[in-house]
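Hi everyone, thanks for coming. Have a look at the structure on the screen, and I'll walk you through a few parts of it.

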Amino acid sequence: MGTTVLVAGLDATGQAAVLGLLREAERIFSRFTADSDTSRVNAAAGRPTRVSPLFTAALAEACAHQAASGGLFDPFLAADLVRLGYDRDFAAVRSVPAAPAAPPRPAGGGAPPRVRIDHGVPEVALSPGLAVDLGGFVKGWAVQRAAGERMRAGAPRGLIDAGGDIAAWRGPGGAPWRIGVEHPLDTAPAGVLALPPVAAVATSSVVRRGWRDTAGARLHHIVDPRTGAPADSDCLQATVLAADLAAAEVYATCLVLLGTGDGPAWLAGRDPAAAWITVDRDGRVRRSADLDLHHEGAARP
Amino acid sequence: MSDRSIRLVVPLVVVTGVAAVATGTHALHSEPAATAAFSPQGAAAPSPGPGAPSGTASTPAAPAAEAGLGLVRITYRLHRLPQIASNQIAVWIEDANGGYVRTLFATSFTANGGYVRRPESLVEWRTTAEWESAPPEEVESVSRPAQDGGVHTLYWDGTDRTGRAVPAGDYTYHVEGNTYWENRVLFTGTITLGEEPHTSSAEHEYLPAAAEQDGVLVEDVTAEFSPGEPLDPSVLTTYTRGS
């Protein structure tokens, strides 16, 4: 997942369980190891591929988000990322040759990708040419799953942070977890949130995981499925506070794709309870009105 | 998700500009200067509390961790060496008698059994910690991928490998790093846990002395003890950010 993890509030057994699950997710979902489920499914050229139950579960949920978002969230952009040069661990991505233009997208999005998921075997088959990349989605999905397991195991309080995607919980009387929302253009945070008892916070940004091609064009990892090119809205960064981290991850990505004008209205239609903070290219911070419930103003000096 | 993401392996870790709270061993990493401008460190300086419970206990049956005497912050500057068979480091604590207390950090290759293929890796730490017989939970809780260059901070909450608070007194902190195959650098410093704050700097030696020619892997190793205070819930735990 190319990120770091903070686990707080859990005992050693809980820590090991969380990290074990995340490690398992890494093994299953990596695009960059040949024996991962992702790589094997993508290399199968349409043939059914045996995968782990975690893979079918995550893929099914990602597909559900794809359908619910009308394709705005797309877990099948692996080929676009490779075309753009993100074909290896991000730490190894350097200046790449100018990427060829994306193949034209069919009007109306074309035929939906054919994905067959058999949870019983379990196995997955993608239509030939289709390549899955659950990338940031599965990071949030796995963290949410790990948090759910710890909550069910009776952990009264905990926080799991995988590279800024955060799931946190506490008892109703417990002190809230406080997290900052990093500002991509400023050293002061874009906000400080005192999290509700059960919360998930995800942030998508075009500032991180960026690189340049040899023509000098700046590229980044958030691809717009409508164009096959890196997102180019006015939104540099979007943070979403929701009940589920996988959903928050999807919503944050869609806000970046749609921009600060259309994004919030879209999100209100998808999940009225979700709160958000966006930062545009000028550094301006906007946030949903209901976020005031959690917003604590600026970080303490 | 590549090998780099094995940062996930880490128990309690490493977020830029994060205040340390809530639990045992934290490792904080200051981004290299090139990216520091975007980090919020200045806005939310770490304000370490004593660390509530839950250190990285060594077995699933370990008792709940006790509140330690306070928080020890160990800071070092890491440089990534460009050669093979290097960049393995471990950071650990011993008591005044040289008894092993706990490990705060160990590079995952060595911590997870890389010493079988490379027995010269982190010899001092492995011997002291009897790492070959460490329980899986302890291995998982301290093993981390090789860190990026930059200033790193580890927090020790004053508990031992089983999560029990250690008594007041002098403790030795060590940072060992392989610079090239069997060549190593070893930092050693003493920090006093008690009712008063204490700071110290570690001395280093190259093993053998010629290892100094391999380049600087670690430098500026310091420790700072802050006597215990109630955990301040207003402290920021972490930051959400794009990833």
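**A loop, a hairpin and a sheet**

Let's begin in chain B, where B:Leu81 sits in the loop between strand E2 (70-78) and strand E3 (88-95). Strands here are DSSP runs of E with at least two residues, helices are runs of H or I with at least four, and both are numbered from the N terminus. This is a predicted model, so local features need pLDDT of at least 70 and side-chain atom pairs count only at pLDDT 80 or more, while totals for chains, interfaces and linings use all residues. Residues are numbered from 1 along each chain as its sequence is written, and chains are lettered from A and ligands numbered from 1 in the order in which they are written.

The cut-offs are 20 or more other C-beta atoms within 10 Å for buried, 12 or fewer for exposed, and partly exposed in between, with C-beta atoms placed from the backbone. Beyond its neighbours within four places in sequence, B:Leu81 is in contact with residues including B:Ser86, B:Thr179 and B:Asp214; contact means C-beta atoms, placed from the backbone, within 7 Å.

Now follow the chain into E3(B). Six of its eight residues are buried, so E3(B) is largely enclosed by the rest of the structure. Eight bridges join E3(B) to strand E7 (residues 169-180) of chain B, running antiparallel, and there B:Ile93 stands opposite B:Tyr173. Two strands pair if DSSP finds at least two bridges between them. E3(B) is also joined to strand E4 (residues 100-107) of chain B by five bridges, again antiparallel, with B:Trp92 opposite B:Thr103. Four residues lie between the strands of this hairpin, and B:Gly98 takes a positive phi near 85 degrees.

Over to chain A, which has six helices and 16 strands. Of its 301 residues, 51% count as buried.

Look for the open sheet of seven strands in chain A, with the order E1-E5-E6-E9-E14-E15-E16 and antiparallel pairing. Its edge strands, E1 (5-8) and E16 (285-287) of chain A, each pair on one side only. From one strand to the next, the twist averages 10 degrees. Helix H5 (residues 135-152) of chain A packs on this sheet, touching E5, E6 and E9 (198-205), and its direction makes about 15 degrees with that of E6(A). For such angles, axes are lines fitted to C-alpha atoms, for helices over the stretch in contact, and angles run from 0 to 180 degrees between N-to-C directions.

Notes:
Contact = placed C-beta atoms within 7 Å.
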